[in-house]
Every structure is written in structure tokens, then in C-alpha cells.
2 protein chains.
Amino acid sequence: MTDKPTDPETSSHPRRRVTSYDVARHAGVSQSAVSRCFKPGASVSKKMRARVMKSAKELGYQPNAIARSLITRRSNMVAVVISQQTTLYYPEILVELSQRLSERGVRVLLFTLEHESDIDVLLDQVLQYQVDGMIIAARLSGTQIDAIEGRGLPFVFYNRSFRDRQINAVCCDQTEGERWLVNRLVEAGHSSFAIISGPEDSAVSVERTQGALERLRELDVGEVVVVEGDYGYASGASGLHRIRERLGRLPEAVICANDVMAIGCLDAARHDFGIEVPAQLSVVGFDGVGPARWSSYDLTTVRQPVRRMTEAAVSMILERVEDPGLRPEKRFFSGIMIEGGSARLSPPKERA
Amino acid sequence: MTDKPTDPETSSHPRRRVTSYDVARHAGVSQSAVSRCFKPGASVSKKMRARVMKSAKELGYQPNAIARSLITRRSNMVAVVISQQTTLYYPEILVELSQRLSERGVRVLLFTLEHESDIDVLLDQVLQYQVDGMIIAARLSGTQIDAIEGRGLPFVFYNRSFRDRQINAVCCDQTEGERWLVNRLVEAGHSSFAIISGPEDSAVSVERTQGALERLRELDVGEVVVVEGDYGYASGASGLHRIRERLGRLPEAVICANDVMAIGCLDAARHDFGIEVPAQLSVVGFDGVGPARWSSYDLTTVRQPVRRMTEAAVSMILERVEDPGLRPEKRFFSGIMIEGGSARLSPPKERA
DNA sequence: GGGCTTGTCGCATTCGAAGTCAATATGGCT
DNA sequence: AGCCATATTGACTTCGAATGCGACAAGCCC
């Protein structure tokens with residue numbers, strides 16, 4: 001009858017936690033009184049509060065958030081979903097989000113998405129844990145978003161906006177940023193360009209790449225080679241090789257869909273091709289991650305205002321937890337162009 | 001007579017979540033039956049299970065993990081505490097831990113430690129959320145550890161072991177790694193050394209620094225200058241400047257307590273002092289973070305076996321959740337020495 | 001067919017805090 | 001002092017799933 005795997009009773013003598021009843025008994029009051037003392041703004045007399053708090057401290061009482069969540073239907077947890085492939089950028093956001101949320105008394109329950117197909121399993125999980133909302137910083141397909149919407153849980157996308165969809169999102173204006181970069185490069189006299197894009201199913205990459213291409217076309221720059229990368233260092237390096245194969249030579253400027261690939265590209269230029277950056281090749285990225293400022297790279301890039309973006313994501317989600325009726329909203333943030341030394345940003349000096 | 005605020009069937013309204021009672025009613029069975037169907041290994045007939053599962057699917061039922069946790073006294077959540085200052089290394093660990101834990105059906109509840117003094121507040125929080133255990137990857141003082149031990153919650157330290165304390169910890173053998181590095185550097189003929197340590201209250205830094213110093217002494221290397229850094233890029237760069245001030249010249253090799261400072265140091269050497277690495281200066285780090293392998297740096301370092309370490313941390317904590325009686329255990333892992341190009345590792349060629 | 005073992009199921013209780021409501025205490029005012 | 005408005009308090013119920021226990025059915029043996 002009893003299969004032997006683990007008898008729940010044998011091992012579990014986890015030192016019974018102190019409950020509000022214990023405190024009540026110790027203080028000679030009712031359990032409700034204890035509960036009220038821990039709720040700010042409740043109707044409790046000074047005397048009562050003092051007495052209860054004293055007992056609570058003596059017994060080492062901490063309200064049980066699980067029990068509270070059950071009755072209040074609020075877990076004070078928000079799910080944060082990030083895709084596995086850590087591009088240096090997501091972890092940073094994660095920490096920021098956690099910080100911002102915890103200031104508001106909400107904790108992050110972390111979900112990492114290994115394969116995108118796992119989204120359904122993951123969604124079930126998220127729902128089981130009764131989180132109050134979710135912040136999604138991962139690549140998702142349209143049908144996957146449908147799936148989420150069907151669950152009726154407030155959610156906000158981070159850096160993922162679908163033009164044709166009414167969803168909550170905070171985004172950096174990728175298009176604008178790319179246009180700035182292109183403008184400066186063209187002003188400086190660059191005339192041959194190549195692009196290392198991100199994965200084609202990445203909405204961010206599409207926007208960045210399209211933004212750059214569009215502006216390049218407007219400025220009447222000729223053919224632009226586009227090769228695909230995966231946001232990783234190696235693909236930035238290999239991207240430059242592929243560009244050279246396709247073009248038969250190196251272009252004057254390479255626009256990379258993120259900083260890490262730009263760094264890879266830059267390293268390939270210097271170490272594989274032995275050419276000078278920015279004298280012989282300009283490289284620009286996007287994101288403004290920490291290493292972009294390291295002096296070996298000193299990347300010209302567009303920094304995302306992470307602080308303001310995470311703040312926006314947090315307030316958006318919490319507002320919608322309060323009032324699920326709020327209409328979908330998208331908040332766009334301009335990036336900050338950083339004119340680093342990885343690109344020549346003024347017309348070339350006269351030739352030696 | 002029975003309350004029916006909103007009919008669950010009519011699609012999305014202030015949708016009351018579907019409960020096991022709803023499923024039970026729909027399937028014409030008892031609530032307990034529904035519960036049992038979701039518990040693997042419970043005593044349920046095939047017919048029953050099929051019927052319940054069908055109803056569950058139709059209603060979109062997901063068990064409420066909060067309610068379950070309340071009764072089972074298991075939240076299936078583990079708190080992961082990381083210090084705010086993200087040294088590139090922690091975020092990576094975080095994602096790994098999350099992955100490993102979720103494979104075992106446990107989620108990560110994230111806590112970031114902004115100021116170390118916040119540890120008490122944080123601990124209260126952790127306890128409130130009834131997590132099953134905690135993994136701590138943050139600098140903590142001895143008394144803070146006492147505070148944690150007092151709470152009676154299983155915990156495992158990540159890369160933080162106190163020699164004189166019986167606590168659970170998984171660590172990379174910092175000392176061994178530093179000794180390897182020193183051995184190789186001395187073998188290659190370096191004779192003047194400097195060290196850029198981490199913050200003095202960082203146990204990891206102390207071990208690394210002491211490990212290196214000890215071996216240097218054993219090998220009879222003369223005076224070694226030690227300057228303190230904060231694990232950040234800038235402090236690596238400034239560290240080299242401070243070393244030069246103290247020494248009046250540059251040493252032959254600089255041992256940095258982590259990769260990021262090594263990178264900062266290396267950049268300072270090249271760009272501030274205009275000297276060749278490794279020809280004129282050898283720089284070594286520790287950790288084996290991603291950027292260490294970028295070809296501009298190609299750091300000589302000791303890589304921590306993150307995968308195995310996180311796996312160990314996860315199984316350790318989960319074992320202790322099952323059986324809180326287990327004795328404290330420390331698991332040490334050897335690092336992997338990576339012989340990159342940032343240090344000269346063979347005797348110098350004859351002088352030009 | 002009687003008695004027994006197994007296997008399934010439902011009833012009722014439990015987890016710990018929060019909120020409802022009615023009872024009581026307090027205070028203000030005339 | 002008397003009366004009403006307000007502030008506090010406690011008893012009881014609620015949230016949703018898990019589980020001990022007894023009821024019952026099916027299958028088995030002799």
C-alpha cells in the first residue's frame with residue numbers, strides 16, 4: 001500500500017512555524033487582532049498594537065505570505081520571463097526589475113525560457129503560482145501572445161512591441177536609434193554599409209535592421225549587405241567574415257544589431273583582418289552594455305535607458321494589477337547615442 | 001441559492017479562477033478526487049482520472065500552488081539572494097540556477113541585496129514568502145550568517161565558505177586556482193608581482209589573494225604590492241595606476257581577483273601606459289566570464305565550473321529541504337585553468 | 001456464498017491570515 | 001448623567017487544495 005519513496009510524515013518535522021494564533025495566545029488577544037496589527041491603516045489601538053508587536057517579536061513571528069495570498073488573492077509576486085540565451089543585456093534588466101519591484105513590495109519569480117516551444121508549459125506554471133502579473137523579456141511568436149492573452153493575467157512586454165497589436169509594452173525606440181547612427185555615419189562620409197542583424201524571429205532585431213535600412217535608403221546609400229547573427233560574440237565575428245565574402249571586400253561601416261555582436265565584429269576586424277578601427281572600418285552597436293564602454297572597444301552605440309524603462313515596466317504592471325481594466329499601452333523611450341571611438345564620426349582627414 | 005457572481009462558462013469576465021470544486025462539479029465527482037488526480041502516484045482509477053482530466057482541460061483548470069503550499073507546507077520556491085553589484089558573473093549563475101531548479105520543479109524567488117545592511121529586512125521577507133530554502137551568492141558577514149542560521153531555513157552558500165564554520169557551501173577552490181596561476185607565471189620567469197584584490201570584506205577575494213600570496217612566498221618571490229579593487233572594470237584600471245605609484249614602475253605580472261578587473265587592468269596597460277600585453281606585462285584574472293574569451297583580451301584565467309557548481313548547489317539545497325537534518329557540507333570544485341594570451345607563460349625569448 | 005483483502009471514493013478537516021459583522025468600549029457633547 | 005457617534009475587539013467564515021478516515025465495491029480464496 002505505501003510505496004516507500006518518501007513518507008511525508010517521517011522526515012518532516014520542520015519546526016512548526018509561529019502563527020498568528022500563537023502570538024494571539026501569547027498576547028492574550030484574538031487572532032484577528034494580530035492580523036490587524038500587521039495591516040497598515042487598520043483599526044487598532046496603540047495599546048493593542050504595542051502588546052501584539054511585543055509578543056510577535058518575542059516569538060519571532062512573521063506573517064505567512066502564502067496564507068495571506070490565499071485569502072487576499074494577491075501574491076505580491078510578479079513573474080519575469082527571460083529567454084535563456086543571455087545576451088549580457090537581460091541579466092542586467094533582471095536585476096533592475098527586481099530592485100524596482102521590491103521597492104514596491106513585490107518580488108520576482110523567475111522563469112527562464114529555454115526553448116520557445118516551452119512557453120505553454122511555462123505559462124501553466126506561471127498561472128499555478130498565482131503571480132499577480134508578468135513581465136516578459138523574451139522572444140515570442142504571435143500565437144504565443146494569443147495564448148497569454150487568453151489567460152487573463154496582466155502582462156507587459158519588455159522591448160517587444162507588435163505594431164499591429166494592442167498590448168502593454170515598454171520599448172526603446174529602436175528605429176530612431178538606428179536612424180541616428182546612420183545619420184552620423186553618413187554625415188561622416190561613409191558610403192558603403194553592411195549590417196549584422198539578429199535572429200530573424202527577433203522583433204527587436206527586425207526593427208533595428210529595418211530602421212537602419214530604411215534610413216540608408218532615404219539617404220540614397222547603395223546596396224547594403226545584411227547577414228544574420230544570433231546576438232552572440234562569435235556571430236559578430238563570423239558576420240564580418242561573411243560580409244567580406246558576400247562583398248568581396250570590407251565595407252566602410254558595419255551596423256550591428258547589438259553591442260555584443262559589434263564587439264565580435266570589431267575584434268574580427270582587428271585580429272582576423274588586421275585593420276584599424278575606426279580608421280579603416282567603423283562599427284556601431286546597440287544597447288549600451290557595460291563592456292561597450294571598455295576602452296578596448298569604446299563602442300559607438302545607442303544606450304537603452306534601462307533605469308527608466310524598467311521603472312516604466314514596473315509601474316505599468318503594478319497599475320494593471322490594481323486595475324485590470326486599463327487599456328493596453330505602449331511606452332517608448334529614446335535611446336542615448338554614445339559617440340565612442342569605434343566609428344569615424346567626422347569626415348575623413350585628407351589622405352596622407 | 002448558490003452564489004454565482006459570474007458564470008465561469010461565459011468567457012472572459014472578472015473571471016473567478018477555476019477551482020478544484022468547479023472541476024469536481026463539472027465532472028460529477030468530489031473535490032478530493034480532483035485533488036488526487038493531480039497528485040502523481042495517488043490512488044485513482046483510470047476512469048476517474050480520465051474524466052477529471054477531461055473536465056479540467058475543458059474548464060482550463062490549473063491547481064492553485066498557493067493553496068497547495070499552505071497545506072503541504074512546501075512552496076516549491078527557493079530564494080536566491082545575489083548582491084546588487086553585478087559583476088557579470090552573478091547574473092550568469094542566476095540563470096543557471098533557475099534552469100537547474102526548474103528542471104526539478106522548483107522556482108526561483110529573486111532577492112537582490114542593495115546594501116548589505118538590508119540583510120535583516122531581506123531575511124524577514126524571505127521567511128514570509130515561505131520559501132523552502134535559500135541559495136546565497138552575496139557577501140555576508142559572520143553575524144549575518146548567524147542571523148540566517150537562527151531562522152531554521154535550509155541555506156547554501158555559493159562561493160562563500162568560512163573555514164571555521166560548519167555551513168553548506170559550494171565553492172570553487174580559489175586557493176588552488178591562484179596557486180596554478182602563480183606556478184605558471186613563476187615558471188615562465190616572472191619575478192615581480194602585484195595583486196589587485198577585491199573588497200577586503202569579500203571572502204572570495206581574501207581566499208584568492210591569500211592563495212596567490214602564499215604561493216608567491218613559497219616560491220620565494222620578493223615583496224608583492226597589493227592594492228584593493230571593487231571587482232569593477234574601473235578599479236582594475238585604477239589598480240594598475242596605483243600599483244605603479246606604489247612601486248615606482250610596473251611589475252612583470254599582475255594578478256587580479258577577478259576577470260573584470262583583469263580586463264580593466266589590461267586596458268589600462270595598453271591604452272594608458274601604451275605597453276604590450278603580454279610582452280611587457282602579464283595579467284591574469286579569475287572566473288572565466290564570457291568577455292574573458294573575447295580576442296581583445298584572451299585572458300589567462302581560471303574558469304569556475306559554473307554548470308557543475310550550480311548543479312551541486314541545487315541538489316544540496318533540495319536534499320536539505322527534504323531532510324533538514326543533514327549535516328552541513330562543503331563541496332569544492334577545481335577551476336579550469338585557461339592559458340590565454342594575456343600572460344606570458346613561457347620563458348622570455350632572447351632579447352632583441 | 002461467506003469472509004477477506006485491495007482498491008477507490010467522498011466527507012470532513014486542515015493549513016494561516018484576512019475580512020465581516022456584531023458586540024463592546026470609548027469619547028464627546030449637552 | 002445620559003445619549004449618540006465612533007473606535008476597538010472577538011467570533012466566525014473564507015480562500016483552495018491535500019489528506020486521514022471510513023464507506024463501499026470489486027475481486028479473491030476456500
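Which hand, left or right, does the crossing of α5(A) and α4(B) have? Keep that question in mind while we look at how the two chains sit together in this predicted model.

Let's start with the overall arrangement. Chain B can be superposed on chain A by a turn of 180° with a shift of 0.0 Å along the axis, and the RMSD is then 0.1 Å. The two copies are thus related as by a two-fold rotation axis.

Now for the interface itself. On one side are 44 residues of chain B, in contact with 41 residues of chain A. Several elements of chain B each supply at least two residues to this side, namely α4, α5 (89-103), β2 (107-113), α6 (119-128) and α11 (259-272). The most comes from α5(B), with 6 residues. By class, the side of chain B that touches chain A has 18 nonpolar, 17 polar and 9 charged residues.

The axes of α5(A) and α4(B) come within 9 Å and cross at roughly 135°. An angle over 145° would count as roughly antiparallel, but this one makes α5(A) oblique to α4(B). The crossing of α5(A) and α4(B) is left-handed. In this pairing, A:Ile66, A:Ala67, A:Ser69 and A:Leu70 of α5(A) meet B:Ile66, B:Ala67, B:Ser69 and B:Leu70 of α4(B). The contact of these two helices has 6 nonpolar, 2 polar and no charged residues.

With 5 residues, α5(A) gives the most to the surface near DNA strand C. That surface has 13 nonpolar, 12 polar and 4 charged residues.

Turn next to DNA strand D. It is surrounded by 30 residues, and the closest are A:Ser30, A:Ala33, B:Thr19, B:Ser20 and B:Ser32. From chain A, α3, α4 (46-59) and α5 each supply at least two residues of the surface near DNA strand D, as do α1 (20-27), α2 and α4 of chain B. Here α4(B) has the largest share, 5 residues. The surface near DNA strand D divides into 13 nonpolar, 12 polar and 5 charged residues.

The axes of α1(B) and α3(B) lie 9 Å apart, at an angle of about 120°. That makes α1(B) oblique to α3(B), and the crossing of the two is right-handed. On the α1(B) side you will find B:Asp22, B:Val23, B:His26 and B:Ala27, which meet B:Arg51, B:Val52, B:Ser55, B:Ala56 and B:Leu59 of α3(B). By class, this contact has 5 nonpolar, 2 polar and 2 charged residues.

Further along chain A, there is another helix pair to look at. The axes of α11 (residues 233-247) and α12 (residues 259-272) of chain A come within 6 Å and cross at roughly 50°. These two helices are therefore oblique to each other, and the crossing of α11(A) and α12(A) is right-handed. The residues of their contact divide into 11 nonpolar, 5 polar and 1 charged.

Finally, a few backbone details deserve a look. A:Tyr231 has a positive phi of about 80° although it is not a glycine, and A:Tyr231 lies in the loop between β7 (225-228) and α11 of chain A. The peptide bond from A:Val277 to A:Pro278 is cis, with omega near 10°, and A:Pro278 sits in the loop between α12 and β9 (282-284) of chain A. In chain B, a cis peptide bond joins B:Val277 and B:Pro278, with omega about 10°. B:Pro278 is found in the loop between α11 and β9 (282-284) of chain B.

Key. Residues are numbered from 1 along each chain as its sequence is written. Chains are lettered from A and ligands numbered from 1 in the order in which they are written. This is a predicted model: local features need pLDDT of at least 70, side-chain atom pairs count only at pLDDT 80 or more; totals for chains, interfaces and linings use all residues. Helices (H or I, at least four residues) and strands (E, at least two) are DSSP runs, numbered from the N terminus. Ala, Val, Leu, Ile, Met, Phe, Trp, Tyr, Cys and Pro count as nonpolar, Asp, Glu, Lys and Arg as charged, and the others, Gly among them, as polar. Axes are lines fitted to C-alpha atoms, for helices over the stretch in contact, and angles run from 0 to 180 degrees between N-to-C directions. Angles under 35 degrees count as roughly parallel, over 145 as roughly antiparallel, 65 to 115 as roughly perpendicular and the rest as oblique. A crossing is left-handed if the near helix is turned anticlockwise from the far one by less than a right angle, and right-handed if clockwise. Two residues are in contact if their C-beta atoms, placed from the backbone, lie within 7 Å. Copies are superposed by least squares on the C-alpha atoms of residues with pLDDT of at least 70 in both. A residue is near a molecule or strand if its C-beta atom, placed from the backbone, lies within 6 Å of it.
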